[in-house]
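The exercises below concern one protein model. Work each task from the structure before reading its solution.

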Amino acid sequence: MTGTACSSTSLCAFAGAAQVLARLRTLSTHAPQSLVIEGGTEADRKTAALAWAATLNCTGEPATRPCCQCPACMQIARRVSRDLIVVDKQFFEESDSKKSGMDKIRELLPIWGQPPCGAGSRVTIFSEAQDLNHYITNLLLKTLEEPRPGNVFVLLAPQRERLLQTLVSRSFVLTLPWPEPQAPEPDVAEWLAALLSFWDTGQGWFERTGTKGAADRALALRLLSACQRELTLAVAGNTQHSAAARRLARLGPLGLRRFDLVLASAQEALNQPTVMPALVLDWIATAMIAKG
Ligand SMILES: [Zn+2]
């Protein structure tokens, strides 16, 4: 049985669900305190996390959990279970707007010190945990250092490299099937090739970005998303069809993580209308060279 009982409900509707659910079922016999879910799309990760919460709380037959039919499963699918906490954008935006994000997280500390309300586990899901600020990340790290009976944590991120290494090392990592990336369009592919060649030769980049009007915001954003796509391939070791991903893979795990941070900062900079796109692109090119 691979959860066919619930194939029509939202808990099991994500890429590779049958295999992932089978793994979650196995994992649930000795549930790790912290589970990192990477790969897939943001929606896939969230659904898989809810499926994990349901697996841990389902009252159905162990071989078919989550059954998606018992009250525990249904409450989790509707996100109304008292043993489910989802820390996402909505969590920070909802309720009392005077409280800071940090205050809201602090309010969870006494809850994590208590056993769950029901017979299963209390599951706290951190959606897109790579975006949490470092105060919250540190608080989470401290939380994971202490035993929290009946409480388990789930950290969602596109790739484990985007999370603090110390968080990942304390967690079990589950990888969902990687989304199929699309090849970049020819003009973006040319810019990407120029960027990678600049890392090796130190040449041919500033002529490009210095040409008036060549590097506008739209081009810069497309190049950024092409870089992100190749990074995803490189991180997954899925490089056989992409020379760019093979070049990126040579950066090694630390270099790939740095490139990811560089891309995130560049994305932020490009969101500010006063920042010149060409300068951001120059910064991407040199930020990776400066440190090797
Ligand atoms: Zn159930």
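Axes are lines fitted to C-alpha atoms, for helices over the stretch in contact, and angles run from 0 to 180 degrees between N-to-C directions. Helices (H or I, at least four residues) and strands (E, at least two) are DSSP runs, numbered from the N terminus. The model is a predicted one, in which local features need pLDDT of at least 70, side-chain atom pairs count only at pLDDT 80 or more, and totals for chains, interfaces and linings use all residues. Residue numbers start from 1 along each chain as its sequence is written.

**Exercise 1. Helix 9 and helix 11**

Task: determine at what angle helix 9 and helix 11 pack, and how far apart their axes lie.

Solution. Step one: two packed helices are described by the angle between their axes and the distance between the axes. Step two: for helix 9 (residues 186-201) and helix 11 (residues 217-236), the angle is about 70° and the axes are 9 Å apart. Step three: angles under 35 degrees count as roughly parallel, over 145 as roughly antiparallel, 65 to 115 as roughly perpendicular and the rest as oblique. Helix 9 and helix 11 are therefore roughly perpendicular. Step five: Val188, Trp191 and Leu192 of helix 9 meet Arg222, Leu223, Ala226 and Cys227 of helix 11, where contact requires C-beta atoms, placed from the backbone, within 7 Å.

**Exercise 2. Helix 1 and helix 2**

Task: classify the packing of helix 1 against helix 2, and list the residues in contact.

Solution. Step one: helix 1 (residues 17-27) packs on helix 2 at about 40°, with the axes 10 Å apart. Step two: helix 1 is therefore oblique to helix 2. Step three: this crossing is right-handed. Step four: helix 1 contributes Val20, Leu21, Leu24 and Arg25 to the contact, and helix 2 contributes Ala48, Ala51, Trp52 and Thr55.

**Exercise 3. Thr55**

Task: decide whether Thr55 is buried or exposed, and find its contacts beyond four places in sequence.

Solution. Step one: Thr55 belongs to helix 2. Step two: a residue is buried if 20 or more other C-beta atoms lie within 10 Å of its own, exposed if 12 or fewer, and partly exposed in between, with C-beta atoms placed from the backbone. Thr55 has 27 C-beta neighbours inside 10 Å, so Thr55 counts as buried. Step three: leaving aside neighbours within four places in sequence, Thr55 contacts Leu24, Arg25, Ser28, Arg65 and Pro66. Step four: Leu24 is 31 residues from Thr55 in sequence, and their C-alpha atoms are 7.2 Å apart.

Definitions and conventions:
A crossing is left-handed if the near helix is turned anticlockwise from the far one by less than a right angle, and right-handed if clockwise. Two residues are in contact if their C-beta atoms, placed from the backbone, lie within 7 Å.
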